[in-house]
Amino acid sequence: MTSSVVSPETTQRTPTATPAAGHATATGHHEMSCPPPAAPPEDLSRLRVVPARHPGRVVLAVGVGLLVAVVLYSFVTNPRWEWGVVAQWFFAESIIRGLLETLKLTVMAGAVGFGLGLALALMRLSKSGLISSVSWTFSWIFRSTPLLVQLLLWYNLGYLYERITLGIPLTEITFFDARTSDLMTPMLAAVLGLGLHQAAYAAELIRGGILSVDQGQLEAASALGIPARDRSLRIVLPQAMRAILPTAFNEIIGLVKGTSIVYVLAHAELFFTIQLIYGRTQQVLPMLLVATLWYVVITSALSVGQYYIERHYSKGAVRTLPPTPLQKARARLARLRPTPTGAPA
Amino acid sequence: MSLHPGTAPHTDTDPHPDTASLGGLVEIRGVHKSFGDLEVLRGIDLRIDPGSVTVILGPSGSGKSTLLRTINHLEPVSQGLISVDGEVIGYRREGELLHELHEKEVLRQRTSIGMVFQSFNLFAHMTAVGNVAEAPRRALGVPRREAEARARELLTLVGLSDKFDVYPRQLSGGQQQRVAIARALALRPKVLLFDEPTSALDPELVEEVLAVIRSLTRAGTTLVIVTHEISFARDVADTVVFMDQGRIVEQGPPAEVLDRPRHERTRAFLQRVRTGAEAADEDPAPTSPPPVEPSPAPPADAPRRPSHPSATALALDPTTPLPRYLTEDHQS
């Protein structure tokens, strides 16, 4: 980073300084600097690096630290947050049930969204104009419709189509017949609404990842006679994952919180449950804090997962994987232990 | 699509089945190729004998890489026919009609035509063994364990026995290209195509890759090499083909084309390529070494490039047997 330069001023302060000390790169010794020897062959191994100072960073760090402290202080001391109420409800059975419902919705809508999104992305890249325009049209429609409208539309499908029947047209044969309103539970409407909406976005982001993979990879795979399916799933997608993952986790985290919009269908996920409770108890802010804290917990867990999954897919893309925070912490501990009485820094 | 007039009906079998050559016979007849308005190949006729080594030279833009890519149908031709051992590539011929083959069929044909790219194109997310084992597993259905055992054998052949589980990005360019050669060999191709295999390499890494290619001339596979390495061409080629502006200007043994070029354009090109030290090194070589057998000693101009230490560790000693897997007869 810095190639240290022993300046003439430094050397002149020491008694046996020689003006011969010129410009040289250091070799990374940590000893205190000694006066350079008077003998003509200068010992370069004695040079040491003085790390560059960043006074601006220190000022900024202090400022940010103060700000954080003030905010935390207000959080803890302001009685209107009603931390007691938060603690009372945080693990309440109804809240946990709502939380599980939120997780279930996220997983199902995420699976529909990314599964269908992958199919749409591959369709969009198809050589067949028909297939690729079907995919384009899907994304166009589902990205243009507000999520709220989609949810209500699915939930009210029974108004548009009273019965859903599966059979052979123009005959009496039916395999399946049901009233739409019986089929379309809030849960199904929510999964369809969230999932299809997600699929339209996932398709674009997966397509972007696929396009980021070098054309030569496909060419090499084709030249080796590797079938199209394996070319996509084994050669291109694993490499596209690096570009896809950061945005994909963004989307999933958005989806976790996006499930809260399902309250319009009166489905008892976390946010609807919270609303029910504060509607009864009038403790609005503490209850919203409970919901927020749970969303923070889920997002944090996802972020940790993201870190390790990204790391997995960066195999081969970086020369050496950087150590994980856990490995770093362990290394730091190991360094601390053997030298309990270290020299002053 | 129209056929080149006056082509004789192709033979369906190897003319010498008894010689059991592992190399394929490549016949290129009346091939034209256009990209939009730009005609890159303007009528190429070339016969490449089984097991022979052909080096294609020519200035950039002369169509040599495109020609190479038409042989395994990475570029479909605009007109003409290409066949390997009598099998038309990319099409099924019925009299005057050429039916486009389904991708599955083209992929099957490609398994007998290996290709090595200028930019390696190794699968970055797979280890060296993974790269080499992938095509046998996916294209031929070889079980994983067997494919990986073969991959290790091939990597050893190209001198990378210590790099089995290393990712491409952790390898030098020369090592990457050697993995790519092992990967192409893994399907036991009848024909191996090299598209400027050393052009993306640092000068001191070129020799280790050329050494591997030189060692392959013993395997009996038909080699078609696009390169700018004139001295290498002189050393290994049976036939040197000089192309310019989409046409073959002249072809023949290296001693003729490289040392006594009949065409002004060939002469001018060779003059341009052999500049400075290279020209000084190569000029006092009026006689060419015997082309078929790879010379065990490096050619006269080799000391210019001190060979990489690992290059000497390759299985390049002509007495080292090649893996049986490479030399036994093709089943599929």
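User: Which helix of chain A holds Leu183(A)?
Analyst: Helices are DSSP runs of H or I with at least four residues, strands are E runs of at least two, and both are numbered from the N terminus. Leu183(A) lies in helix 8 of chain A, residues 180–183. This is a predicted model, where local features need pLDDT of at least 70 and side-chain atom pairs count only at pLDDT 80 or more, while totals for chains, interfaces and linings use all residues. Residues are numbered from 1 along each chain as written, chains are lettered from A and ligands numbered from 1 in written order, and side-chain values use heavy atoms, without hydrogens and water.

User: Why does Leu183(A) count as partly exposed?
Analyst: Buried means under 20% relative accessible area, exposed over 50%, and partly exposed in between (1.4 Å probe, protein chains only). Leu183(A) has 31% relative accessibility, so it counts as partly exposed.

User: How many residues of helix 1 of chain B are buried?
Analyst: Seven of the eight residues in helix 1 (64–71) of chain B are buried. Among them are Lys64(B), Leu67(B) and Arg69(B). Just after this helix, His73(B) takes a positive phi of about 65°.

User: At what angle do helix 4 and helix 5 of chain A pack?
Analyst: Axes are lines fitted to C-alpha atoms, for helices over the stretch in contact, and angles run from 0 to 180 degrees between N-to-C directions. Helix 4 (93–124) and helix 5 (129–144) of chain A pack at about 135°, with axes 7 Å apart. Under 35 degrees is roughly parallel, over 145 roughly antiparallel, 65 to 115 roughly perpendicular, and the rest oblique. Helix 4 and helix 5 of chain A are therefore oblique to each other.
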